[in-house]
Amino acid sequence: MHKDIATPIRTSAILKKYGFSFKKSLGQNFLIDTNILRRIVDHAELTEESAAIEIGPGIGALTEQLAKRSKKVVAFEIDQRLLPILEETLAPYPNTKIIHQDVLKADVKGMIDQELGGIEDLMVVANLPYYVTTPIIMKLLEEKLPIRGIVCMLQKEVADRISAKPGTKDYGSLSIAIQYYTVAETVMIVPKTVFVPQPNVDSAVIRLTRRSEPAVSVRNEDFFFRLIKISFAQRRKTLLNNLTNGLPDGKQKKEAILSALAQAEIDPGRRGETLSMEEFARLSDKLNTEFS
Ligand code: SAM
C-alpha cells in the first residue's frame with residue numbers, strides 16, 4: 001500500500017524534495033485532504049470500466065484517487081515543473097497518463113479518440129485552476145465531447161451562479177449557458193483549510209450531468225446565446241431597455257421588438273433575470289428572423 005499523496009505531511013515532503021514553489025498565476029492550490037478527494041470521486045460515480053479526464057493534476061492528489069477507482073485517467077497539466085514530480089508520485093498507477101498542455105489549447109476530442117477509444121463512460125473530474133474555471137467548462141461543453149458529465153471544484157461564488165434558478169440574484173447568462181447543456185448541482189461546500197496554499201475564496205464542488213439533448217430547442221443557437229448576453233447586459237434595466245440598446249438598430253426597431261415580446265407572451269417590463277430558459281428560447285425564435 002502506498003501512502004496517499006493528499007496528506008499535509010506527504011505533500012509537504014514532495015514539494016520540499018523538488019523545491020517546488022506555487023505559481024498563483026496558474027491557480028495552484030493543492031488539496032491535502034484524502035477524505036475530501038474521495039468524496040469528490042464518489043460524486044463522479046465511476047466504475048472500473050470508466051475513464052476520467054482530469055484538468056490540472058498538480059502533484060497527483062486527485063489523479064491518484066481517480067486511478068484507484070477507474071480504468072484509466074488522462075490529465076492535462078500546463079506546468080512543466082510538475083512533470084517529474086508526477087512521474088514519481090503516479091509511478092504506482094500505470095493506468096494514468098499526463099499530457100503536458102494548456103487544456104484550453106488542447107484537442108480534447110482527439111485525445112479521447114486516441115487514448116480512451118472503446119471506453120464508454122467518460123467523466124471529467126478536476127480541481128480547476130480558479131483563474132480559468134468558466135472558459136474551461138464552456139470549452140468542454142461547447143465542443144460537445146462524448147462525456148457523461150463534469151465533477152469539479154471551483155469558487156463557491158461561480159458554483160452559485162452556474163446552478164442558479166430564474167428570479168435569483170445569481171441567475172445570469174452563465175447559469176443559462178451551462179444549464180442549456182447540463183443539469184447542474186452544487187454537491188459539496190469545501191473549506192479553505194484543505195488546500196495548500198489556502199485560496200482567498202470559498203470553494204464548492206459542482207456536478208454537471210450532460211443532457212442527451214439541450215434543455216430547450218432553438219432555431220439559431222448563436223442568436224439565442226447572444227440574446228441572453230444582451231438581456232443581462234444591465235441587470236437593473238428592463239428587458240425592453242436591454243433589447244433596444246443591445247440588438248442591432250434596436251432603437252429604430254422597437255416596434256418589432258415589442259411585437260416579438262407580445263408573440264412570445266413576455267411582458268416587456270420584466271427584467272432578464274426573471275425569464276426562464278424556455279421563455280428565452282421562445283423569444284429567440286421570434287426575434288431571430290429580424291435580428292440575426
Ligand atoms: N489537482 C490538484 C489538486 O487537487 O491538488 C491541483 C489543482 S490546482 C487548483 C490547478 C492545477 O491546474 C495546477 O496544477 C495548475 O498548474 C494546473 N493548470 C492551470 N492552468 C491550466 C491550464 N490552462 N491547463 C492545464 N492545467 C492547468
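## Ligand shell

The shell around the ligand has 14 nonpolar, six polar and three charged residues. This is a predicted model. In total, 23 residues surround the ligand. The closest are F30, G56, G58, N127 and P129.

Which elements supply at least two residues each of this shell? Strand β1 (30-31) does, and so do helix α3 (61-69) and strand β3 (72-77).

## Helix α3 and its partner α2

Helix α3, one of the suppliers of the ligand shell, also packs with helix α2 (residues 34-44). The two axes come within 10 Å and cross at roughly 50°. That angle makes α2 oblique to α3. The crossing is right-handed.

On the α2 side, the contact is made by L37, R38, I40 and V41. On the α3 side, A61, L62, Q65, L66 and R69 take part. By class, the contact of α2 with α3 has six nonpolar residues, one polar residue and two charged residues.

## Two domains

The domain assignment of the protein gives domain 1 (8-210) and domain 2 (221-291). How many Å separate their centres? Taken over C-alpha atoms, the centres of domain 1 and domain 2 are 36 Å apart.

The domains do touch. Nine residues of domain 1 are in contact with ten residues of domain 2. The domain 1 side of this contact divides into five nonpolar, four polar and no charged residues.

## Helix α12 against α11

Helix α11 (residues 254-263) packs with helix α12 (residues 277-291). Their axes lie 8 Å apart, at an angle of about 150°. Are the two helices roughly parallel or roughly antiparallel? Angles over 145 degrees count as roughly antiparallel, and α11 and α12 are therefore roughly antiparallel to each other. Helix α11 passes α12 in a right-handed crossing.

From α11, the contact uses A256, A260, L261 and Q263. From α12, it uses L283, K286, L287 and E290. The residues of this contact divide into five nonpolar, one polar and two charged.

## Helix α12 against α9

Helix α12 also packs with helix α9 (residues 221-231). Here the angle is about 110°, and the axes are 9 Å apart. The pair α9 and α12 is therefore roughly perpendicular. Helix α9 passes α12 in a right-handed crossing.

Which residues of α9 meet α12? They are F223, F224, L227 and I228. Their partners in α12 are F280, A281, L283, S284, L287 and N288. By class, the contact of α9 with α12 holds eight nonpolar residues, two polar residues and no charged ones.

## Backbone features

Two loops carry backbone details worth a look. The peptide bond from V196 to P197 is cis, with omega near -20°. P197 is found in the loop between β8 (195-196) and β9 (203-210).

K144 has a positive phi, near 50°, and K144 is a residue other than glycine. Where is K144 found? K144 sits in the loop between α6 (133-142) and β6 (149-155).

Key:
Residues are numbered from 1 along each chain as its sequence is written. This is a predicted model: local features need pLDDT of at least 70, side-chain atom pairs count only at pLDDT 80 or more; totals for chains, interfaces and linings use all residues. Axes are lines fitted to C-alpha atoms, for helices over the stretch in contact, and angles run from 0 to 180 degrees between N-to-C directions. Helices (H or I, at least four residues) and strands (E, at least two) are DSSP runs, numbered from the N terminus. Angles under 35 degrees count as roughly parallel, over 145 as roughly antiparallel, 65 to 115 as roughly perpendicular and the rest as oblique. A crossing is left-handed if the near helix is turned anticlockwise from the far one by less than a right angle, and right-handed if clockwise. Two residues are in contact if their C-beta atoms, placed from the backbone, lie within 7 Å. Ala, Val, Leu, Ile, Met, Phe, Trp, Tyr, Cys and Pro count as nonpolar, Asp, Glu, Lys and Arg as charged, and the others, Gly among them, as polar. A residue is near a molecule or strand if its C-beta atom, placed from the backbone, lies within 6 Å of it. Domain bounds come from an automatic or database domain assignment.
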